[in-house]
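Reader: I've got the model open and want to know what sits behind the labels. Can you walk me through them?

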Amino acid sequence: MTVCHQQQPVILWYRADLRVSDHSALTAAAAAGSVIPLYIFDDVTDNRWAPGPARQWWLEGSLQALESDLQALGSRLILRHGQTIVSLVDLVDATGATTVFYTRRYEPHHVAEEKTIAIVLAARGVAFQGAGGTLLHEPETVTTGDSAPYRHFTKFARACQDRHPLGDPLPAPVSLTPPRDWPASEKLSDWRLRQVAPERVAGLGQHWLPGAGGAAARLEEFLRDGLTDTPAEKAQSDRVGSSMLSPHLSHGEIGPRQIWTRVQVVAGAATRTGDKAGGCFRKLLSREFACHQFYHRPELLESGFNPVLPSAPWRTDANGLAAWQQGRTGYPIVDAGMRELLQTGWISHDMRVTVAMFLIRHLLIAPEQGARWFWDTLVDADLANNSANWHWMVRSAIAAKFLPPDPVKRGRRIDPSGYYIRKWVPELADLPAEWLHAAGSDRGRPDGYPAPVVEHGFARRRAYAAINRMPGSGQTRLPPTMRTAPS
């Protein structure tokens, strides 16, 4: 009788699905015979979207955790570095693997890559079998009556809510059958993922625990504390108010179905967006909607930042960009957000909106600059969501005629106690509350804290003047206080 591990093995190609539970591709591979788990670090094929320093820091910890989880199943993780298709074909040829199982990805370059790999493997008589797992619903399954993708989030969310139950998460296998001979593997330490920009990632370990274990712990913490906050409390930046699961989701250490199932167990089965559990569901769908949009409309990745006004008035301002990146703009709420981002690799949605509005509307710096900084700095950097959110910021700026909101007033609204600013801008910690949000002005500005990189009134006038210079914009009638606009 032939035992399973003497048969030709199959390959489980890990990508952004670094877990062993609720993993459809892993379950299928385990049923097929002996399994060779594989991860390929490819910063060659499309170097524009190679992971930035923060994601590389996270990836090292995530792969270490996955290796440990696989060892507990009697398996191991094979590591290869280089062009994906070359590394994958080399391993197929070396092991005689009959099938490559994988979890689908939806970014345009990954979709194209999957099609190419399928053709190459088919020529070798090797099956290429994909499965879902990073989304609640596959992009082809949530469409209008005309089989077209939804263009509006509200209709998309309603369609998802009305769909059949998602089903229970898949359990992790009890064990994985190893191959007769393990292929060679590179060493994770040789990749030096955390040495790309060590000064940029030095403090991340104080705030995060990559891996499925860290994801599970973060989820339980959110279920214990996050669902008890009122919407008003969640709007304050001095409360966490977020699950902070986005980096774990981004690396696939936990799946959206696992999150939603646990939320339902704790908060009940209601999935409407008016309750707390429904609010969590809505956030999952927001992530999903961005992914669906870029899958169905891949051109948005290149042209989506400014589809309405191609002649947007973006400025080249190296000093302003550097001040924004380092949290030295002279506006405490903006600086607090950018410094939290530098130190933790993460900021809340409200703070992402706040700092993005400042870059686009106050400084008139192109959104691509902000998107690239986020891509390099966020531990949860996700191509579809990052691009879609910056695209949305441009559209909102256009709708508002680029009118910059007052950062001082916004700071008082979202951080009324000043706790958040004092935490991340410690040189302002001793200021009284009435001065804190305007600490960049001459009055009460402590030594070492910068004056505003641009005065708010000046930024408003400059934005109006820039709009008026755009072709086809017509003449915008300015309020009397703003008729003298800067050049």
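Predicted model: local features only at pLDDT ≥ 70, side-chain atom pairs only at ≥ 80, totals over all residues.

Reader: What makes a stretch a helix or a strand here?

Author: Both are DSSP runs, numbered from the N terminus: helices are H or I with at least four residues, strands are E with at least two. H1 covers residues 24-32.

Reader: Which residues of H1 are buried, and why say that they line one face?

Author: Seen down the axis of H1, the buried residues fall within an arc of 95 degrees, so they line one face. That arc is taken from the directions from the helix axis to the C-beta atoms. Their cover includes strands E1 (10-14), E2 (35-41), E4 (99-103) and E5 (127-131).

Reader: Why is methionine 244 called buried?

Author: Its relative accessibility is 15%, and the cut-off is under 20%, so methionine 244 counts as buried. Methionine 244 also has a positive phi of about 55 degrees although it is not a glycine, and is found in the loop between H9 (231-234) and H10 (246-250). Most residues other than glycine have a negative phi.

Reader: And what makes leucine 364 buried?

Author: A relative accessible area of 2%. Leucine 364, not a glycine either, has a positive phi of about 55 degrees, in the loop between H16 (349-362) and H17 (367-377).

Reader: How do you know which strands of the open sheet are at the edge?

Author: The five strands run in the order E3-E2-E1-E4-E5, with parallel pairing. E3 (78-81) and E5 each pair on one side only, which makes them the edge strands. Pairing takes at least two DSSP bridges between two strands; E1 and E4 have three, so they pair. In E4, phenylalanine 101 is the bridge partner of leucine 12.

Conventions: Residues numbered from 1 in each chain as written. Heavy atoms only, no water. Buried < 20%, exposed > 50% of the residue type's maximum accessible area, 1.4 Å probe, protein only. Contact = heavy atoms within 4.5 Å.
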